[in-house]
Amino acid sequence: MNRFLGLFARRYIAGEGRKDAISVAMGLNSHGILVSIDNLGEMVKITGEAVAAADEYIKLLEEIKETGIQADISLKLSHMGLDIGEEVCRTNLERVIKWAEEVNNFVWFDMERGKYTQGTLDIFFDLHKRHNNIGIAIQSYLKRSERDVGRLIEEGARVRLVKGAYKEPPEIAFPEKRDVDRNFELLMHDLLLRGNRPAIATHDMRLIEAALKFARENGIGNDRFEFQMLLGIKRTVQKRLAEEGYRMRVYIPYGPEWLPYITRRFKERKENVFFFIRNIFD
Ligand SMILES: Cc1cc2nc3c(=O)[nH]c(=O)nc-3n(C[C@H](O)[C@H](O)[C@H](O)COP(=O)(O)OP(=O)(O)OC[C@H]3O[C@@H](n4cnc5c(N)ncnc54)[C@H](O)[C@@H]3O)c2cc1C
């Protein structure tokens, strides 16, 4: 089973090691595309593993500096030990953020399932008082996100706007896709007008066109926002936007812990099931 999933995974994941991520980053950079590198891992329950995850990010930051690639980093707080305890998580996280400051780099906080939202935001706001080289993903499927985006804008924090990848109950998330998309557009307008270089992180062409039109109509220059997409999705559009002079950043995941990430990508699209089945019978 894993072998078949592995075939599917190659489209979305750079490989198992840092070197794989760096090499994919170099390829994208050569097309004028920026990247954000993510070491896969989440819901760590052992302190030593969370410490090792932070160590891996520090080595990654070193290699980004040495190779001179145009890359920042993305991480999950549950990978830094949020399930073990807030202190463990903060200690690991701050070590990575301080190192990123040393090497003039930037750290994006991914947003995980609903049970982590408040904890992730609390830690983010606190750290943002001392470190301005951090930004955070906000999910438009969450009903609370309008309020969170408002607060992040007031704090001058950078936001990566995404639709959201987890299954959430209707008490906290919009069940209908059209409401998720509508909220994305609303939050995107607010971020483009008042936000600090927001990232519009979607592969939805209607929303990308809407962002371009809104920016044009409101005199918002290309340097005031960026588009972000995942590795392996809408590659032609990624290249086209970069060629047209927009900031385009691709999220590159790597590492042996790829199963939960791939499962989320798998669920996003029906035709991925056919892709998977084709590979099984290859
Ligand atoms: C840079 C970045 C960071 C992210 N970080 C987070 C995060 O921290 N937390 C979180 O919950 N989610 C995160 N996501 C995932 C996000 O929430 C969505 O699940 C994902 O981007 C799909 O939504 P969409 O906006 O592309 O719109 P959709 O409406 O889902 O898709 C639009 C179109 O994109 C294409 N597409 C979308 N997904 C796939 C796929 N898997 N395979 C092939 N084609 C596809 C299809 O053509 C589809 O019609 C991130 C996404 C990006 C781009």
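The protein chain has a mean pLDDT of 93, and 93% of its residues reach 70 or more. Here pLDDT is the predictor's confidence in each residue, from 0 to 100. This is a predicted model, so local features need pLDDT of at least 70, side-chain atom pairs count only at pLDDT 80 or more, and totals for chains, interfaces and linings use all residues. Residues are numbered from 1 along each chain as its sequence is written.

Confidence is not even along the chain. Strand E3 has the highest mean, 99, and helix H11 (residues 270-280) the lowest, 53. Helices (H or I, at least four residues) and strands (E, at least two) are DSSP runs, numbered from the N terminus. Over residues 278-282 pLDDT stays under 50. The model has four contacts beyond four places in sequence for that stretch. A contact means that two C-beta atoms, placed from the backbone, lie within 7 Å.

Start with the barrel. Eight strands close it in the order E1-E2-E3-E4-E5-E6-E7-E8, with parallel pairing. From one strand to the next, the twist averages 25°. Axes are lines fitted to C-alpha atoms, for helices over the stretch in contact, and angles run from 0 to 180 degrees between N-to-C directions. Two strands pair if DSSP finds at least two bridges between them.

Where does strand E1 meet strand E8? Six bridges join E1 (residues 34-39) to E8 (residues 248-254), and the two run parallel. Asn 39 has Tyr 254 as its bridge partner in E8. Ile 37 stands opposite Ile 252 of E8. Helix H9 (residues 235-243) packs on the sheet here, touching strand E7 (226-230) and E8. The direction of H9 makes about 140° with that of E8.

The bridge partner of Val 35 in E2 is Ala 71. Five of the six residues of E1 are buried, so this strand is mostly covered. Burial is counted from C-beta atoms placed from the backbone: buried means 20 or more others within 10 Å, exposed means 12 or fewer, and partly exposed lies in between.

Now turn to E8. Four bridges join E7 to E8, and these strands run parallel. Met 229 stands opposite Val 250 in E8. Seven of the seven residues of E8 are buried, so the strand is largely enclosed by the rest of the structure. Its side chains point two ways. Met 248, Val 250, Ile 252 and Tyr 254 point one way, while Arg 249, Tyr 251 and Pro 253 point the other way.

Next comes the ligand. Which residues come nearest to the ligand? Of the 23 around it, they are Asp 110, Ala 137, Ala 165, Thr 202 and His 203. A residue belongs to this shell if its C-beta atom, placed from the backbone, lies within 6 Å of the molecule. Strand E4 (134-139), strand E5 (158-162), E7 and helix H10 (259-268) each give two or more residues to the shell. E7 gives the most, with three. The shell divides into ten nonpolar, six polar and seven charged residues. Ala, Val, Leu, Ile, Met, Phe, Trp, Tyr, Cys and Pro count as nonpolar, Asp, Glu, Lys and Arg as charged, and the others, Gly among them, as polar.

Met 111 lies in the loop between E3 (107-109) and helix H5 (117-130). Is Met 111 buried or exposed? Met 111 counts as buried because it has 25 C-beta neighbours inside 10 Å. Beyond its neighbours within four places in sequence, Met 111 is in contact with Thr 117, Thr 120, Ile 136, Ala 137, Ile 138 and Gln 139. Its C-alpha atom is separated by 9.0 Å from that of Leu 121, ten residues apart along the chain.

Finally, look at two backbone angles. Most residues other than glycine have a negative phi. Met 43, in the loop between E1 and helix H3 (47-67), has a positive phi, near 50°. Met 43 is partly exposed because 14 other C-beta atoms lie within 10 Å. Asn 104 also has a positive phi, of about 60°, although it is not a glycine. Asn 104 sits in the loop between helix H4 and E3. With 9 C-beta neighbours inside 10 Å, Asn 104 counts as exposed.
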